[in-house]
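Here are my notes for your first look at this model. Keep the structure open while you read, and find each residue as it comes up.

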Amino acid sequence: MTAATTPKGERRRAALVAAAGELLVEGGFESVRHRAVAHRAHIPLAATTYYFESLGDLLSNAVAYAGELDTAAIRGRVGAVSRRRRGDAALSKLLAAVFFASDTEAERGALVSRYERLVLCTRDPELTRLQAQTRNVLADLHAEVLDRSGRRADRPCVDRLMAIEDGAALAAFTTPGADVNRAIRDALATVVDDLAPVLP
């Protein structure tokens, strides 16, 4: 058994991954550096190169961790969604609230990080793969909300729905004073009946 696979080693590695993931969400990709991660985890700097082959390896783990944090929060909100038929306005409002919560500073930071990762990870095949995994989870969670709302949830239509959300979110992020949640509601209200029709 090596030091990396002992209980202590596993705890240290997990602490470093959590620290890297938290730094990524809070400060973006530039904040994930060996020294900053070690300091955040209260672990000696040498441990970052012992448990991770490179900064890229550490960053990959940070991206995966941040995605898991994001989807865990969303899964919790999905779990609270009641089963009942919803009209287009109610469903658009619900989707915005579940997937684009931004009432607190932490929620807004997580949302910004989600889209930062979506854009910047495209330059690296491994990070792109991790983002694809997160997107699949988000698609499944969208389908769950639609199902609980008495709507059809075909995967191609869910993908189109998410693409519209992405465009609205990115546009809102780059518009001073824009309300991301409202932008999502407005974008979805005119298409949700076509993409997720009411089940008979």
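**Notes on the model**

1. Cys-157 is buried, at a relative accessible area of 16%. Cys-121 is buried too, at 1%. Buried means under 20% relative accessible area, exposed means over 50%, and partly exposed is in between (1.4 Å probe, protein chains only). How many disulfides does the structure hold? It holds 0. The test for a disulfide is a pair of cysteine sulfur atoms within 2.5 Å. A disulfide is a covalent bond between the sulfur atoms of two cysteines.

2. Know what you are looking at. This is a predicted model, where local features need pLDDT of at least 70, side-chain atom pairs count only at pLDDT 80 or more, and totals for chains, interfaces and linings use all residues. Residues are numbered from 1 along each chain as its sequence is written, and side-chain values use heavy atoms, with hydrogens and water left out.

3. Now the overall fold. The protein has 10 helices and 0 strands. Both kinds of element are DSSP runs numbered from the N terminus: helices are H or I, at least four residues, and strands are E, at least two. The C-alpha atoms fill a box of roughly 60 × 40 × 30 Å along the principal axes. Of the 200 residues, 40% count as buried. Take the contacts (heavy atoms within 4.5 Å) between residues at least 6 apart in sequence: 68% of them join residues at least 24 apart.

4. Look at helix 4. Helix 4 has 25 residues and reaches 36 Å from its first C-alpha to its last. That is close to the 36 Å expected at 1.5 Å a residue; the expected span is 1.5 Å times one less than the number of residues. Its buried residues include Leu-58, Asn-61, Asp-70 and Ile-74. Which helices do the buried residues of helix 4 pack against? They pack against helix 1 (7-27), helix 2 (34-41), helix 5, helix 6 and helix 7.

5. Stay there for Thr-71. Thr-71 lies in helix 4, which covers residues 55-79. Is Thr-71 buried or exposed? Thr-71 is buried, with a relative accessible area of 7%. Leaving aside neighbours within four places in sequence, Thr-71 contacts Thr-134, Val-137, Leu-138 and Leu-141.

6. Next, the nonpolar cores. A nonpolar core is a set of buried Ala, Val, Leu, Ile, Met, Phe, Trp, Tyr and Cys residues joined through side-chain atoms within 4.5 Å. The largest one has 30 residues. Leu-95, Val-98, Phe-99, Phe-100, Val-145 and Ile-184 touch the most other members. Elements giving two or more residues to this core include helix 5 (88-99), helix 7 (125-148) and helix 9 (180-189). Helix 8 gives the most, with 7 residues. Another core lies apart from this one; it has 22 residues, among them Leu-16, Val-17, Ala-20 and Phe-52. In soluble globular proteins, nonpolar side chains tend to be buried together.

7. Check Leu-161 in helix 8. Leu-161 is buried, with a relative accessible area of 1%. Not counting residues up to four places away in sequence, Leu-161 touches Leu-95, His-142, Leu-146, Leu-188, Val-191 and Leu-195. Leu-161 and Ala-139 are 22 residues apart along the chain, and their C-alpha atoms are separated by 9.4 Å.

8. Turn to the aromatic rings. The structure holds 3 aromatic pairs. Rings of Phe, Tyr and Trp (its six-membered ring) pair if their centres lie within 6.5 Å; planes under 30 degrees apart count as stacked, over 60 as edge-to-face and the rest as tilted. Tyr-50 and Tyr-51 form an edge-to-face pair, 4.9 Å centre to centre with 85° between the planes. Tyr-51 counts as buried, at 12% relative accessibility. The rings of Tyr-115 and Phe-173 have centres 5.9 Å apart and planes at 55°, so this pair is tilted. Tyr-115 lies in helix 6 and Phe-173 in helix 8, so the pair ties together parts that are 58 residues apart in sequence. Tyr-115 counts as buried at 4% relative accessibility, whereas Phe-173 is partly exposed at 23%.

9. Finish at Phe-100. Ring pairs link Phe-100, Tyr-115 and Phe-173 into a cluster. Arg-114 lies over the face of Phe-100, at 5.4 Å from the ring centre. The test for a charge over a ring is NZ of Lys or CZ of Arg within 6 Å of the ring centre and within 35 degrees of the ring normal. Beyond neighbours within four places in sequence, the contacts of Phe-100 include Leu-111, Glu-165, Ala-169 and Asn-181.
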